[in-house]
Every structure is written in C-alpha cells, then in structure tokens.
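Open the model in your viewer and get ready to select residues. We will go stop by stop.

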Amino acid sequence: MQTISVDFTISSEKRNYPIHIGHGILEQADLILSCLPQKRVAIVSNTTVAPLYLEKLRLGLEKQGVISVPIIIPDGETHKNWETLNFIFDALLKNHCERNTTILALGGGVVGDLTGFAAATYLRGVPFIQIPTTLLAQVDSSVGGKTGINHQLGKNMIGAFYQPRMVLADSATLNTLPDRELRAGLAEIIKYGLIRDPAFFDWLEQNMRRLLARDPIILNEAIQRSCENKAEIVAADEKENGIRALLNLGHTFGHAIENGMGYGVWLHGEAVAAGTVLAAELSQRMKLISEADVQRIRKIFILAGLPVAAPKMPLEKYLQLMMLDKKVDAGKTRFILLNRIGEAVMRADIPPALLGKTISACMTDE
C-alpha cells in the first residue's frame, strides 16, 4: 500500500488527508476507523457496486464495532441530480444521522460527487470518506474535494468544494469494472501526462497495453502517479482560482458532448478523450503545438480504445453548451490548450472562426 497526502487550507488553517492506494485494501477497516469521530456511518453506494462490495465493507466495519446505514441509489450519470440528492438526505434524516456520522461514498464518480455534496450540506457539513471503485474516480473525481450534481443546462454546475477525511483506492475493485469504464478512466490518467508530466506520458505510451490488461502493479503505479499530480495541484490551488483549471483539459468540449448527447450516452472519460483531441487540434491551429504532437496524442487515445472524434451536433449547439462552462469569465469561454506535451495553458483569445473550424473538422458522422 502507498499513501499520498493531500494538503489544503480552511480559514488559513493548513490541513491534510491521506489517499491510500493498494490491492485488496478495502478489507482493512482499521484505515477507515482512524478517520471516524463516532462508530456509526452511512454508506452511499449504487445498484451496481453495492452487490459487489457493500457487504464486504459493512462486515469489515462491523468487526471494528462500527454500525452502518446503507443508502443505495440508482446507477448512472442521469441520476446525478436533485432527486437523488434528496433521496440521500431523506435516508440520513430518517436514520437520525448526526453531525459526527461519517458518510462513506462507495462507488464511482457519480456516487462520490453526490455523497460529497450531501456531506457538505447535510447539517451544514458532516465528515465523509471516498472509497472509489472505478479507475476514473480513483485517479480524479475522488481527489480534491469537488462535489456536485448536474443541471439540465450544464454538468457539475451546482456543488461545493468539500474535502474528504480520506480516500481509499483499492485497485482490486477494478477487476469487476467493465472494459468500457476502465478505458474511460484512462482518459483522465493521460490528461496528467499532457498537462504537466511528460515523463508520465512517455510511460503511459509504453505501458498502455498492460493497463488495459489490468496488470495490478502497473495499475497501482498509474493510480499513484495520477494522484500525486492531482494532490500537488490541489495543494497549490484548492478552489480553482489558477493552475487547478488546467485539470480541465478537454473538459470544456467534453462536458458539451455529455450534455448535448444526453447524460450517460457518452461516458465522462470518453467525452474527455474526444474533447482532449479537440483541444490538441485547436492548439495546433493556434500554432502552439506541432502536427506530430497532435498525432501522438491521437495515437495514445486510440491505443486506449477511446474516441478521438466528436459526435455530430450542430456547431451552434456546441458553442451554446460551451458558454455554460464554469471557466467562462466576462462572457468569454476560456480553453485549456497545450504549449507542448507536458505543459498546458489557459487561453481566452480564441478566434471564433478558428474554434468553429476546429469543431467542424473533428466531428464524425457515426
């Protein structure tokens, strides 16, 4: 097991929490026990993950004297909304969960985001722990304290920055992850290499086949290096006032794809992959990176089995949806582009005609 510390600041007070990464560590309930203010927890999971891992987690905690309240929500991005959030609140209230009752998020990014937002707002804030069971959640959404729900007009537009007490990433849970979900997680891993870690990008090119084969040693290495990169960025910019925005490489395009196609039709990682290729193409048209770099970026996403073309939608719809992006400032959409592989930059000076040409050129008829 490897442990990484995430540093952050609340009201000028420096704090931190651990990310534990390992194979088979879900059963190590003592790791969770050390973060509990009382021996009672609520466990939020979904209809897919709960039958696989909820009982194992619950029994492990019970052996440590911890009572658990299970809260099972529907699976899928379409349920990341107010209705599901209220379902969680109803369960917490009916079971008389208190301010010291820790909420555990057992599942992927949707479960983690919903649970975190519920924890941030229930009784004005209760402790929570992330136990991500998808690759995407283990390397990205469970780390850094972004929580929230989708709105009909935009993805993740309602939420809060609220840090967990701990992240427990057990790579053994990836054994039951569908291939499509595994590939979706790889998009966020590739992102770290592109925005700040060129040596990691090289390593990913060399080890992509072993990642797809679920080699536990290689998976743990990829998870650890991704979390180290994100932890450093969060420590420097928790509330996304500066460099943390670079983590959104491909996301302005990607969120437009997710929303425009209907939440859940494209997985988040699939949309980010296509969005990252769009960002690379736009970077090249802005004369920031070479055509060879664009082809290298395309190649690694193809190797990962991810889409490299955007779905067919009216150009006006893309532009309208991108105006709902959280990085819009003074009416201008700010894009994360690449100066080179391993260095990202935020730009707001994109000529509209160039943006339109890029999107149109990268759309597929499929």
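How many aromatic pairs does the count come to? The count comes to five. Keep in mind that this model is predicted.

Select F253 and F335, one of these pairs. The pair is tilted, with 5.3 Å centre to centre and 35° between the planes. F253 sits in helix α9 (residues 251-261), while F335 belongs to strand β10 (residues 335-340). They are 82 residues apart, so the pair links distant parts of the chain. Both F253 and F335 are buried.

Now colour the sheet. Seven strands form an open sheet, in the order β1-β2-β9-β6-β5-β3-β4, with mixed pairing. Find the edge strands, β1 (2-10) and β4 (67-73); each pairs on one side only. On average, neighbouring strands of this sheet are turned by 20° against each other, direction ignored.

Zoom in on β1 and β2 (residues 13-22). They run antiparallel, joined by nine bridges. Select S5: opposite stands P18 in β2.

Next, show the helices. Helix α8 (residues 216-236) packs on the sheet and touches β1 and β2. The direction of α8 makes about 15° with that of β1. Helix α3 (residues 82-94) lies across β3 (40-46), β4 and β5 (102-107). It runs at about 155° to β4.

Move to helix α6 (residues 179-196) and select A187. Is A187 buried or exposed? Its relative accessible area is 0%, so A187 is buried. Leaving out residues up to four places away in sequence, A187 touches G269, V272, A273, F301 and L306.

Last stop: K191 lies over the face of Y192, at 5.0 Å from the ring centre.

Notes:
Residues numbered from 1 in each chain as written. Predicted model: local features only at pLDDT ≥ 70, side-chain atom pairs only at ≥ 80, totals over all residues. Heavy atoms only, no water. Helix = DSSP H or I, 4+ residues; strand = E, 2+ residues; numbered from the N terminus. Buried < 20%, exposed > 50% of the residue type's maximum accessible area, 1.4 Å probe, protein only. Contact = heavy atoms within 4.5 Å. Phe/Tyr/Trp six-rings, centres within 6.5 Å; stacked < 30°, edge-to-face > 60°. Lys NZ or Arg CZ within 6 Å of the ring centre and 35° of its normal. Pairing = 2+ DSSP bridges. Axes fitted to C-alpha atoms, helices over the stretch in contact; angles between N-to-C directions.
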